[in-house]
Amino acid sequence: MATAGGGSVADPGSRSLLRLLSFCVLLAGLCEGNSVERKIYIPLNKTAPCVRLLNATHQIGCQSSISGDTGVIHVVEKKEDLQWVLTDGPNPPYVVLLEGTLFTRDVMEKLKGRSGRIAGLAVSLAKPSPASGFSPSVQCPNDGFGIYSDSYGSQFAHCKAFQWNKVGDGLAYEDFSFPIFLLEDENETNVIKQCYRDHNLSPNGSAPAFPLCAMQLFSHMHAVVSTVTCMRRNLIQSSFTISPEVVCDPLSDFNVWSMLKPINTSRTLEPDDRVVVAATRLDSRSFFWNVAPGAESAVASFITQLAAAEALQKAPDVATLPRNVMFVFFQGETFDYIGSSRMVYDMEKGSFPVQLENIDSFVELGQVALRNSLELWMHTDPMSQKNETVLNQVEALLSTLEQSSAAVPTVVLRRLNQSQPLPPSSLQRFLRARNVSGVVLADHSDSFHNLYYQSIYDTAESINVTYPAGQSPEEDLNFVTDTAKALAGVATVLARTLYQLAGGASFRDTIQADPHTVTRLLYGFLVRANNSWFQSILRPDLRSYLGDGPLQHYIAVSSPTNATYVVQYALANLTGKVLDLTREQCQNPSQVPTENKDLYEYTWVQGPLNANETDRLPRCVRSTARLARALSPAFELEQWGSTEYSTWTESRWKDIRARIFLIASKELEFITLIVGFGILVFSLIVTYCINAKADVLFITPREPGSVSY
């Protein structure tokens, strides 16, 4: 009888091999996933979303569903094209590609009324800017948070005298249930339109054939209802959860401030110390998140103040002036005076070196870049001037301004009727706390000249900042534009006025703002931030903050913002002094007996290029330019429903993106689903059968062995 080694039992190694092969197939599919996605979708990389903002009572802005909203693309180039998406189109929902000139309240209300047929909106930039103007802000900015109310100056409350922003349609303060994106790149806009023409455009108004070009928009917001609701949810999360999920954040940043003469910031000034305040705002906004060029709304004003600070610092007798000057650049003024209300709050609580009683006078720059016939208007508050002392102080202030402008031919100062209220301004928040003599300088006597207030079109072109064709970026940086010359004139008037208000007299007419400084600032903030001068004034670790386009001036929630840093370091370099210190000494000035960190800020900056333009010459700059928190007191006090302080918050989100792709008909999608499900069931049956018969299909070969007879 013969016996042989082996048998019919399935080899465990064969089963392991089968599992390994299956795993490899699955892994290969996953690795190919990204490649397949790239073949299906075209991402839109240069877009800006509309996001959700909240205050004590409302939510505004836009959002998508949690999984994104998808719709067939329809291009709307004239109002008649709306009929297709609102009623006629057979394949809703639609994502509307809207021409910038049609992005108006009238059109948006029509789309909002048919939200069931609208999946989203993509807005292209209008070129040139709409001639009739466009402002998504309200006609009465910051209403209810200034000095005028139903109980004080009621005749001026709620802009009863006149609307400051006549072209404002309030679109940015509406709530939309669908996502809205701005298309910032013209090439991407053309790609979308070409996809629409190839797949969605049918002759004679008939239904287009599938596949159709579609767009998917992701912008789901976590916060809802109001700041009160979202902050309460934040508090509950942080109280009972180890890893809390925050749903909203307060809008916050930092004010930038400096003193003409250094003061000890570790304590407050003496009551008899007098300070002249020069103020302006840093921020703006638009309908879309972090798209806030703010050329006329903010940039021209704070650039003018920077140039004035430089000019005043050069006066020979600065150190002996009887009064000090404080330059302040407020953040968050767009959102109910966040920066100024916080500084007033800190002054009242004694947590800021300068107190309210130290303020001698207050000069604020409003919008100043669009003057008619060289005119600059002096706005004052009629209510505080009912006090005879304040009236006399304001009269003296206006006279000083007029004297300072007499020798500046490019600026003509004009007085206004004493019964006219103040425009929206930071001065209003100081007047709420104390009667101070103050004036707001602006290019408008009543309603704004700015047709693009707080909009995407408030750009360099809107204030006539243009450059000759064919110049290099470096040549553009140093080209003195007409706007730069005009703003330098305003800066000269401001600097001379501040000099006189501080008690100076001998050198008033020698103080002159530099047009080259103004033109470099205009170019850096409004055209190209990544330029040689901005690089030279920043710390090495902040180089990445400078992009190839203009800086944006939305306050945001992560701070300091890029623009805040640049303003701080521009102020430091324009008014400070270069010291012969090493990097270590600059970063730790306590090592140097002659330096005092309570009096000065010390910054190690990259410095200019050397003679060969290969390396930079870093240096230490000593200045009085500092940052102060610009967070609404409402959040310090946990008064989220406050009507005294700003309560604006920004919702958090997980994913913001947009992409286009082709979609099949519902019928084909259903057939594909059924076929796919059938293949899945078949594969499961086959897999089960193979596994059940593995001992037959996978037999271990016999091992050689001895044979017995």
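**Exercise 1. Which residue lies over the face of Phe218, and at what distance from the ring centre?**

Solution. Keep in mind that you're working with a predicted model. Look at the ring of Phe218: Arg657 lies over its face, 3.9 Å from the ring centre. Now try another charge over a ring. The charged end of Arg520 sits over the ring of Trp533, at 4.3 Å from the centre.

**Exercise 2. Work out what kind of pair the rings of Phe103 and Phe287 form.**

Solution. Step one: a pair of aromatic rings is described by the distance of the centres and the angle of the planes. Step two: get the distance. The centres of Phe103 and Phe287 are 5.1 Å apart, and the cut-off for a pair is 6.5 Å. Step three: get the angle. The planes of Phe103 and Phe287 stand at 85 degrees, so this pair is edge-to-face, given that angles over 60 degrees fall in that class.

Phe103 is in the loop between strand S6 (94–98) and helix H3 (105–113), while Phe287 is in the loop between strand S12 (275–281) and helix H6 (295–313).

**Exercise 3. Are Phe103 and Phe287 buried or exposed?**

Solution. Buried means under 20% relative accessible area. Phe103 has 2%, so it counts as buried. Phe287 has 6%, so it's buried too.

**Exercise 4. Classify the pair Trp533 and Phe534.**

Solution. Their ring centres are 5.7 Å apart and the planes are at 40 degrees, so call this pair tilted. What about burial? Trp533, at 10% relative accessibility, counts as buried, and Phe534, at 0%, is buried as well.

**Exercise 5. Which residues do ring pairs link into a cluster with Phe103?**

Solution. Follow the ring pairs and you'll collect Phe134, Phe176, Phe178, Phe287, Phe288, Tyr452 and Tyr457 alongside Phe103. Across the model, the count comes to 29 aromatic pairs.

**Exercise 6. Describe how H6 packs with helix H12 (residues 515–526).**

Solution. Start with the geometry: the two axes come within 10 Å and cross at roughly 145 degrees. The crossing of H6 and H12 is right-handed. Next, list who touches whom. H6 brings residues including Val299, Phe302 and Leu306, and H12 brings residues including Leu521, Leu522 and Phe525. Finally, sort the contact by class: 11 nonpolar, 1 polar and 1 charged residues.

Note on methods
Residues are numbered from 1 along each chain as its sequence is written. This is a predicted model: local features need pLDDT of at least 70, side-chain atom pairs count only at pLDDT 80 or more; totals for chains, interfaces and linings use all residues. Side-chain values use heavy atoms; hydrogens and water are left out. Rings of Phe, Tyr and Trp (its six-membered ring) pair if their centres lie within 6.5 Å; planes under 30 degrees apart count as stacked, over 60 as edge-to-face and the rest as tilted. Helices (H or I, at least four residues) and strands (E, at least two) are DSSP runs, numbered from the N terminus. Buried means under 20% relative accessible area, exposed over 50%, partly exposed in between (1.4 Å probe, protein chains only). A charge sits over a ring if NZ of Lys or CZ of Arg is within 6 Å of the ring centre and within 35 degrees of the ring normal. Axes are lines fitted to C-alpha atoms, for helices over the stretch in contact, and angles run from 0 to 180 degrees between N-to-C directions. A crossing is left-handed if the near helix is turned anticlockwise from the far one by less than a right angle, and right-handed if clockwise. Contact means heavy atoms within 4.5 Å. Ala, Val, Leu, Ile, Met, Phe, Trp, Tyr, Cys and Pro count as nonpolar, Asp, Glu, Lys and Arg as charged, and the others, Gly among them, as polar.
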